[in-house]
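Work through the exercises below with the model open. Try each task before you read its solution.

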Amino acid sequence: MSLPSFTGVVLTGGSSKRMGQDKSLLKVHGVALTSLVAAALNEAGASEVIAVGGDIAALASLTGVDRAVPDRHPGEGPLGGVLTAFDYAEDDVVVILACDTPQIGASTPAALVAALSMDHQAAVSYAVVDDRIQPLTAAWRRSLAWEPLQTAFEQGVRAPRSVLGDLTVLEVRTIAPEAVDDVDHPEDLQRYAAGSY
């Protein structure tokens with residue numbers, strides 16, 4: 001089955017407090033974490049890959065990133081990043097991933113887009129791994145999600161998971177656990193670099 005056109009987005013504007021430095025530009029085996037996630041989006045067939053937030057000049061130079069754009073709501077949490085992604089994306093379907101999941105592969109964004117394409121009433125399809133919702137591993141339909149997300153943001157909501165109850169959603173439970181294994185602390189990065197995930 002051919003997938004509909006979709007824009008890939010990597011959220012790169014987080015504070016990275018637990019890591020102690022900007023995660024989006026950290027390299028493992030010479031490759032930035034953002035480039036690893038961008039590669040999964042490109043391989044899945046994204047029409048474009050956009051990095052949202054962070055060091056725009058540095059991110060724009062990374063392999064796999066077509067554009068880097070400033071977060072329109074810096075410091076306001078991931079929901080602001082999602083809304084910024086909607087502002088810049090050219091496709092109605094937008095796959096939004098965190099920058100810190102280095103083991104993600106093309107099968108994850110492909111599965112999310114495929115699920116969304118099967119139900120045109122759904123505003124978002126997101127990964128559920130070990131019964132845990134992964135709202136930053138998701139495919140969104142802008143035309144259905146933008147207004148409720150914007151309204152929630154204006155009401156002070158900052159976490160994407162908090163708006164899911166207001167939307168028609170699809171849970172994708174076929175995503176491998178390693179695809180959402182995130183790198184939050186320096187020891188996580190060392191573990192990944194050593195190949196012991």
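**Exercise 1. A charged residue and its surroundings**

Is arginine 158 buried, partly exposed or exposed, and at what relative accessibility?

Solution. Start with the ground rules. This is a predicted model, where local features need pLDDT of at least 70, side-chain atom pairs count only at pLDDT 80 or more, and totals for chains, interfaces and linings use all residues. Residues are numbered from 1 along each chain as its sequence is written, and side-chain values use heavy atoms, with hydrogens and water left out.

Step 1. Arginine 158 has 27% relative accessibility, so it counts as partly exposed.

Step 2. Arginine 158 forms a salt bridge with glutamate 76, at 2.6 Å from N to O. The term requires a side-chain nitrogen of Lys or Arg within 4 Å of a carboxyl oxygen of Asp or Glu.

Step 3. Glutamate 76 sits in the loop between strand 5 and helix 3, and arginine 158 in the loop between helix 5 and strand 9, 82 residues apart. Helices (H or I, at least four residues) and strands (E, at least two) are DSSP runs, numbered from the N terminus. Glutamate 76 is partly exposed, at 33%.

Step 4. Check for a ring. Arginine 158 lies over the face of phenylalanine 153, 3.8 Å from the ring centre. The criterion is NZ of Lys or CZ of Arg within 6 Å of the ring centre and within 35 degrees of the ring normal.

**Exercise 2. Other salt bridges**

How many salt bridges does a search of the whole structure find? Which parts does the pair of arginine 72 and aspartate 87 tie together?

Solution. Step 1. The search finds six salt bridges.

Step 1. In the pair of arginine 72 and aspartate 87, the closest N and O atoms are 2.9 Å apart. Arginine 72 lies in the loop between strand 5 and helix 3 (78–88), and aspartate 87 in helix 3, so the pair ties together parts 15 residues apart in sequence. Arginine 72 is partly exposed at 47%; aspartate 87 is also partly exposed, at 31%.

Step 2. Arginine 173 and aspartate 131 pair at 3.1 Å between the closest N and O atoms. Arginine 173 is in the loop between strand 9 and helix 6 (186–194), aspartate 131 in the loop between strand 7 and strand 8, so parts 42 residues apart are tied together. Both arginine 173 and aspartate 131 are exposed.

**Exercise 3. Aromatic rings**

Which residues form one aromatic cluster?

Solution. Step 1. Rings of Phe, Tyr and Trp (its six-membered ring) pair if their centres lie within 6.5 Å; planes under 30 degrees apart count as stacked, over 60 as edge-to-face and the rest as tilted.

Step 1. The count comes to two aromatic pairs. Phenylalanine 86 and tryptophan 140 are edge-to-face, at 6.1 Å centre to centre and 70° between the planes.

Step 2. Phenylalanine 86 is in helix 3 and tryptophan 140 in strand 8, 54 residues apart. Both phenylalanine 86 and tryptophan 140 are buried.

Step 3. The cluster is Phe86, Trp140 and Trp146.

How values were computed
Buried means under 20% relative accessible area, exposed over 50%, partly exposed in between (1.4 Å probe, protein chains only).
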